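Hi,

Here is the structure I promised to pass on. Have a look at it first, and my notes on what turned up follow below.

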Amino acid sequence: MTMAREQEQPASGAPNWSMAVGRRVLTYVLPFVVLATLWQTASLFFPPFLFPSLVDVFRRCIDILLSWSQLSDVLATVGRILAGLAGAFIIGVLLAVLMVRSRVVNEFLSPILTLFQGIPALSWVVFAIIWFHGIEPRIFFIMVMTTLPAFTFQVLAALQGMARDLTEMVMSFRPSRLQLFRVLIVPAILPDILTAWKVNLGNASRVVVVAELVGATGGVGYELLQQQQVFDMAGALAWTLQLVIFVLIAQGVLSLIESIAFRYRAVSERTL
Amino acid sequence: MTASAAIISLASVSKSFGKRGAASNFLAVDRLSLDVGQGQMLALLGKTGCGKSTIFNMIAGLTEPTAGAVMVDGCDPFREFDSLRGKIAIVFQNDRLLPWRSALQNVELGLEMLQVAREQRRATALRWLTTLGLRGHEHDYPHALSGGMRQRVSIARAFATDANILLCDEPFSALDEMTGRALRAEFVRLVKENGKTAVFVTHSINEALEIGDRIVVLKRPANIAFDLPLSGATSDTEKETIRGRIQSVLAA
């Protein structure tokens with residue numbers, strides 16, 4: 001009797017679980033379905049250069065992915081984003097370590113980085129065009145300068161926010177610098193580093209388009225400029241979607257890393 | 001206590017906090033001289049804020065004395081920080097477990113610093129977790145353990161390195177009466193069985209009487225108000241007399 005009841009429980013729980021998953025998927029997908037429906041409806045009443053059919057946009061997306069010359073533009077943009085972020089991250093970590101170790105360095109660099117934060121991305125584009133000849137150095141410079149302050153301040157805050165009692169505990173075992181870095185510093189600041197990457201990834205994907213729009217002869221930003229010149233809205237949307245898809249994939253990868261790296265956290269923390 | 005027998009020695013040690021030369025410096029420890037012999041279990045007793053933890057941190061090498069000399073096993077624990085690797089282990093007031101490490105990995109921490117081979121450190125950590133009644137919880141993360149279990153892990157972490165000197169900063173004060181008492185008894189047994197030297201900081205007279213084979217009562221700023229050896233032969237009546245003396249010193 002009891003066993004029979006126990007066996008029934010999972011069976012009765014399964015539909016509840018699948019209903020919950022279904023509801024969650026629906027909640028996530030529904031806004032996009034509504035937006036797509038509105039767009040598609042608008043495409044019936046407006047000319048294609050204003051609201052192209054989503055079928056056209058989808059076809060253009062496939063064309064981009066299937067044509068190497070166009071796909072290479074997408075990959076070039078992705079490469080520029082990743083290179084810029086990696087450069088800014090490495091420099092940002094070095095600056096943050098220097099700032100946390102020396103009050104003088106902190107007091108010297110903080111106002112400069114704050115100043116950099118106030119400079120618009122477009123200004124960095126203009127500076128880069130004046131200062132650099134090559135396209136890639138220009139874009140790399142722009143990407144680094146626009147994301148460096150955020151990376152530096154985020155890593156600095158993470159280092160400064162490390163729990164003092166845990167540091168004392170680890171220090172009581174008298175670790176080498178490398179051991180301290182491995183067992184305490186990296187795991188302690190990893191959540192903030194991943195957050196910094198997530199935030200800067202979005203910023204970088206916006207900035208790279210501006211940089212390519214003005215200072216490049218290839219990439220998603222350059223292609224967007226071409227679409228604008230021929231009033232090709234379907235093309236503009238298709239190229240924009242390439243970047244959006246990349247950002248979504250990259251955010252997904254970061255979320256996956258988070259779920260693996262932070263599996264030690266209590267469930268209630270993750271649901272906050 | 002003769003200086004040659006002392007494994008921990010504080011000679012006229014002072015510690016003040018604040019900027020050097022400032023008029024409003026806070027004096028936490030005032031010309032304290034104290035020797036702790038090998039195998040001794042010293043209970044350092046004093047009111048909250050009397051400088052117990054400052055003494056503790058100076059012995060651990062985490063704080064530098066403003067004046068005087070601290071020597072642990074023949075080394076200056078602050079200036080010769082690395083020389084004492086593996087010789088001192090600390091049990092803190094709260095467990096201070098690394099949240100991203102399982103119980104087993106937390107116990108392995110000190111052994112990692114000593115670069116003990118992986119298999120050996122795993123076996124040692126497991127043995128200590130078993131000794132402290134945590135077998136079956138070795139892969140649990142700290143958030144999944146109760147306060148008492150977490151403190152057991154931190155005790156296992158301290159014992160796992162086989163350090164000769166154990167420094168304990170009110171390790172059972174955050175636990176409930178029953179858990180604290182059980183863990184305290186277990187701790188004393190392990191210290192005695194393993195022949196460790198222990199400095200046990202506490203503000204509880206009962207705890208000091210239960211644990212120490214020597215009680216040092218501190219007045220504020222930290223200096224010795226009285227220093228009393230205890231033994232297994234100390235009768236309950238004598239302990240009551242000692243309790244009364246300690247209470248009068250602490251009340252002063």
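Let me start with A:E258: setting aside neighbours within four places in sequence, A:E258 is in contact with A:L194 and A:K198 (contact means heavy atoms within 4.5 Å). A:E258 sits in helix α10 of chain A, residues 233-261 (helices are DSSP runs of H or I, at least four residues, numbered from the N terminus). With A:K198, the link is a side-chain polar contact of 3.1 Å. By polar contact I mean a pair of N or O atoms within 3.5 Å; within protein, one must be able to donate a hydrogen and the other to accept it, and residues adjacent in sequence count only if both atoms are side-chain atoms.

Some housekeeping: this is a predicted model, so to speak of local features we need pLDDT of at least 70, and side-chain atom pairs count only at pLDDT 80 or more, while totals for chains, interfaces and linings use all residues. Residues are numbered from 1 along each chain as its sequence is written, chains are lettered from A and ligands numbered from 1 in the order in which they are written, and side-chain values use heavy atoms, with hydrogens and water left out.

Now the interface. Chain A puts 21 residues into the contact and chain B 27 residues. About 2,200 Å² is buried between them, with carbon and sulfur atoms giving 64% of that (buried area is the accessible area, 1.4 Å probe, that two parts lose on being put together, summed over both). A:F173, A:R174 and A:Y264 supply 39% of what chain A buries against chain B, more than any other three residues.

There are two salt bridges between chain A and chain B, a salt bridge being a side-chain nitrogen of Lys or Arg within 4 Å of a carboxyl oxygen of Asp or Glu. A:E168 pairs with B:R96, the closest N and O atoms being 3.1 Å apart. A:R182 forms a salt bridge with B:E112, with 3.3 Å between the closest N and O atoms. A:R182 lies in helix α8 of chain A and B:E112 in helix α2 (residues 103-113) of chain B, so this pair joins two chains. Between chain A and chain B, eleven residue pairs are in polar contact, both residues at pLDDT 80 or more. On the side of chain A that touches chain B, α7 (164-171) and α8 (177-215) each supply at least two residues.

Over all chains, the salt bridge count comes to 28.

Cheers
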